[in-house]
Amino acid sequence: VFGKKPIFERLDQLFYIYGKDLFEKKILEKIFDAFSFSDAFTYANNSYTDDRDDFFSYEEKEMLKSYKDDADTYCTGKTLQVIERDLTIEDKTYSAAFVMAEQYIAELFDALQNKYPEKDIYIVCTFNGISFRTRKDGIDVSLIAKRIGGGGHVQASGAPVTKDIKI
């Protein structure tokens with residue numbers, strides 16, 4: 001579980017585990033103590049990794065290991081439910097992997113990209129939105145999201161789910 005993952009990924013997972021109020025109470029002070037303001041640029045660029053033994057408590061490391069085990073189990077099951085389709089947008093056809101999910105969305109995208117590396121676009125639909133990812137150059141998934149009322153970045157975007165979505 002621990003090694004050289006950017007520390008912000010672990011902090012995001014703890015935010016999910018603790019919830020906003022408890023995260024603020026338990027973690028924010030540690031963040032301010034561990035990182036000076038001059039470290040902010042380095043931190044933002046993922047140079048701090050989760051192998052810093054002085055940052056996470058034993059309890060937090062155990063919770064994160066459990067989170068990873070749960071996410072791995074969930075994502076393994078979800079990758080077996082993938083619908084593979086070609087998606088044509090403005091006369092261009094892309095291969096896509098689509099799945100419905102309720103949780104572990106970031107981890108699920110990683111699992112989809114690892115299991116289906118040949119796909120151009122990965123799509124995860126939740127109860128309140130649809131998210132798009134790609135790792136391929138020359139594909140702008142934000143254009144897909146914009147067509148259905150959303151937005152985002154070139155390689156990661158999303159949109160709210162409405163009754164009548166047409167891409």
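**Strand pairing, a helix crossing and a buried serine**

Strand 4 and strand 6 (residues 156-160) run antiparallel and are joined by five bridges, where strands count as paired if DSSP finds at least two bridges between them. This is a predicted model, in which local features need pLDDT of at least 70 and side-chain atom pairs count only at pLDDT 80 or more, while totals for chains, interfaces and linings use all residues. Residues are numbered from 1 along each chain as its sequence is written, and side-chain values use heavy atoms, leaving out hydrogens and water. Helices (H or I, at least four residues) and strands (E, at least two) are DSSP runs numbered from the N terminus.

**Strands**
- Strand 3 (residues 121-125) is antiparallel to strand 4, with four bridges between them, and a hairpin of three residues connects strand 3 to strand 4.
- Isoleucine 130 in strand 4 lies opposite cysteine 125, and its bridge partner in strand 6 is alanine 159.

**Helices**
- Helix 4 (residues 58-79) and helix 5 (residues 105-115) have axes, which are lines fitted to C-alpha atoms over the stretch in contact, that come within 9 Å and cross at roughly 50°.
- Tyr67, Ala71, Cys75, Lys78 and Thr79 of helix 4 meet Glu107, Leu108, Ala111, Leu112 and Lys115 of helix 5, contact meaning heavy atoms within 4.5 Å.

**Serine 95**
- Serine 95, in strand 2 (residues 92-100), counts as buried at 16% relative accessibility.
- Leaving aside residues up to four places away in sequence, serine 95 touches Arg85, Asp86, Glu118, Lys119, Asp120 and Ile121.

Methods: Axes fitted to C-alpha atoms, helices over the stretch in contact; angles between N-to-C directions. Buried < 20%, exposed > 50% of the residue type's maximum accessible area, 1.4 Å probe, protein only.
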